[in-house]
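Keep the viewer open as you read.

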Amino acid sequence: MQKTLINKAVIEENKREFNIELPIIKKEEQKESSRCWIYAGINFLKYDISKKLKCNINQIELSYNYISFFDKLEKFNSIYEIVIDEEDVDISNIFKIGITETGYWIYFIEIIEKYGLVPLCTMPENINSYNSDMLLKILNEKLKKDIFELLKKKKCYNKEKMMELKENKLFEVYNILAKTIGEPKFNFDYSYTNNNGEKIVLENITPNQFKEKITTNNLRDYISVASFDMENKQYYKKYENKFYQDIYRLTYPTYINIPVNELKELTIKQLKDGIAVRFSSEIRKDIDNENGIMDCRIYNYNKVLPNQRLSKKELLESKESFAAHAMVFSGVHIENNKPVRWKVEDTRSTSRNYKGSYVMNDNFFDNYVYAVYIHKKYLNTKQIEAYNSDAIQVDIDDVF
């Protein structure tokens, strides 16, 4: 039906021209996996790495699979620890969440802070990493079986024996992951050619040494700034989802909530300084994948559904829309001091017809961009006060 409703005038209006634009990056493909948060994180990092190494940005290829491996391992560890430590464990919420491939910006930060980064060639993708449905089924069945065993043993084992049991179970998880998506390497060589044509070789380095040599950013300086127009959300407040955790007893996903026009202002400030902006948005509505257009007018729905579209607030309140996907802004076109359209780098399979690059009309930003990840130095006083305030806990099914 969508093809018959497409608005060709909107396609023509959304030109691929931007007066603020970062270098074009090689388009990556997450295929059937749900690891957009990892792909978007690495795409964000590539701009920083190319500046530090003084090399072509498209020479940089890092392993998504490596981050995904330790993300899954840490999720298992966190759940095991909760089951062991907490007196009255609500296993219904644990089973509801389970082990997934999805993640938040803070997960990306924590995993690479602890485990570093590796080049793509040391841990490439494979059929199980690209399409992990069966692997996740196996992992979640193991998780449930292990939880029942841990709860049973908890009644008669002391803490030391419980931790020993946990370590054995983590070793089993490690082996499953190693056999399906590959085993990480902890020493490797890496070489690249800088912009002067010189070949630089890094020999026998660890993932953490590699990360330190190629990056400059303190990623914790980039915080989640969101805009959720909802009855249960106030502007200039900080929200936290304590149901989701990657590395045990470290941090939880948080965001400060501000009006959408301020979200745009912060995004533009960061882009003007040559820094990409990772963001989270809706991706199931008002997108023409074939032509690479994100625009709320792209389909003439009023021909079949007159006046029936939900407002942004109604979309969020009814959970018809949520922050489902992570991508990167790499440009914006401004006219009369206002953004008109945005350049988006994506990694989904459905975008391959336009090489993973979209033009987002500003009306799509208004309706569907829910969070951007911005360096703290760009925030104003009121926004900083919100960031430094005590967090309000959100529901397990929050739209963030």
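## Cysteines

If a disulfide is a pair of cysteine sulfur atoms within 2.5 Å, the count here is zero.

C55 counts as buried at 6% relative accessibility, and C296 counts as buried at 17%.

## About the model

This is a predicted model, in which local features need pLDDT of at least 70 and side-chain atom pairs count only at pLDDT 80 or more, while totals for chains, interfaces and linings use all residues. Residues are numbered from 1 along each chain as its sequence is written, and side-chain values use heavy atoms, with hydrogens and water left out.

## Nonpolar cores

A nonpolar core here is a set of buried Ala, Val, Leu, Ile, Met, Phe, Trp, Tyr and Cys residues joined through side-chain atoms within 4.5 Å. The largest one has 120 residues, and F329, M360 and V372 touch the most other members. Helix α4 (residues 64-85) gives the most to this core, with twelve residues. Helices (H or I, at least four residues) and strands (E, at least two) are DSSP runs, numbered from the N terminus.

Take F329 as a way in. Contact means heavy atoms within 4.5 Å, and, not counting residues up to four places away in sequence, F329 touches a set that includes L271, F279, W342, M360, F365 and V372. There is also a second, separate core of eight residues, with L5, I293, Y301 and V359 among them.

## Helix α6 and its neighbours

Helix α6 (residues 105-115) is mostly covered, with nine of its eleven residues buried. Those buried residues are W105, I106, Y107, F108, I109, E110, I111, I112 and Y115. What covers them includes the helices α3, α4 and α10 and the strands β4, β7 (277-281) and β13 (369-375). Just after the helix, G116 takes a positive phi of about 75°.

Two packed helices are described by the angle between their axes and the distance between the axes. In this model, axes are lines fitted to C-alpha atoms, for helices over the stretch in contact, and angles run from 0 to 180 degrees between N-to-C directions. Angles under 35 degrees count as roughly parallel, over 145 as roughly antiparallel, 65 to 115 as roughly perpendicular and the rest as oblique. The axes of α6 and α10 come within 7 Å and cross at roughly 115°, and the two helices are therefore roughly perpendicular to each other. I112, E113, K114 and Y115 in α6 meet P207, N208 and K211 in α10. Helix α3 (residues 36-53) packs against α10 (residues 207-214) at an angle of about 75°, with axes 8 Å apart, so α3 is roughly perpendicular to α10. At this crossing, I49, K52 and L53 in α3 meet E212, K213 and I214 in α10.

Y255 sits in strand β6 (residues 254-257) and is buried, with a relative accessible area of 2%. Which side chain does Y255 reach through a polar contact? The partner is D398, at 3.5 Å. A polar contact is a pair of N or O atoms within 3.5 Å; within protein, one must be able to donate a hydrogen and the other to accept it, and residues adjacent in sequence count only if both atoms are side-chain atoms.

S227 lies in the loop between β4 (222-226) and β5 (237-240) and is buried, also with a relative accessible area of 2%. A polar atom of the S227 side chain lies 2.8 Å from the backbone oxygen of I258. N14, in the loop between α2 (8-13) and β1 (20-21), is buried at 4%. The N14 side chain reaches the backbone oxygen of V10 at 2.8 Å and makes a polar contact with the side chain of N361 at 3.1 Å.

Terms used:
Buried means under 20% relative accessible area, exposed over 50%, partly exposed in between (1.4 Å probe, protein chains only).
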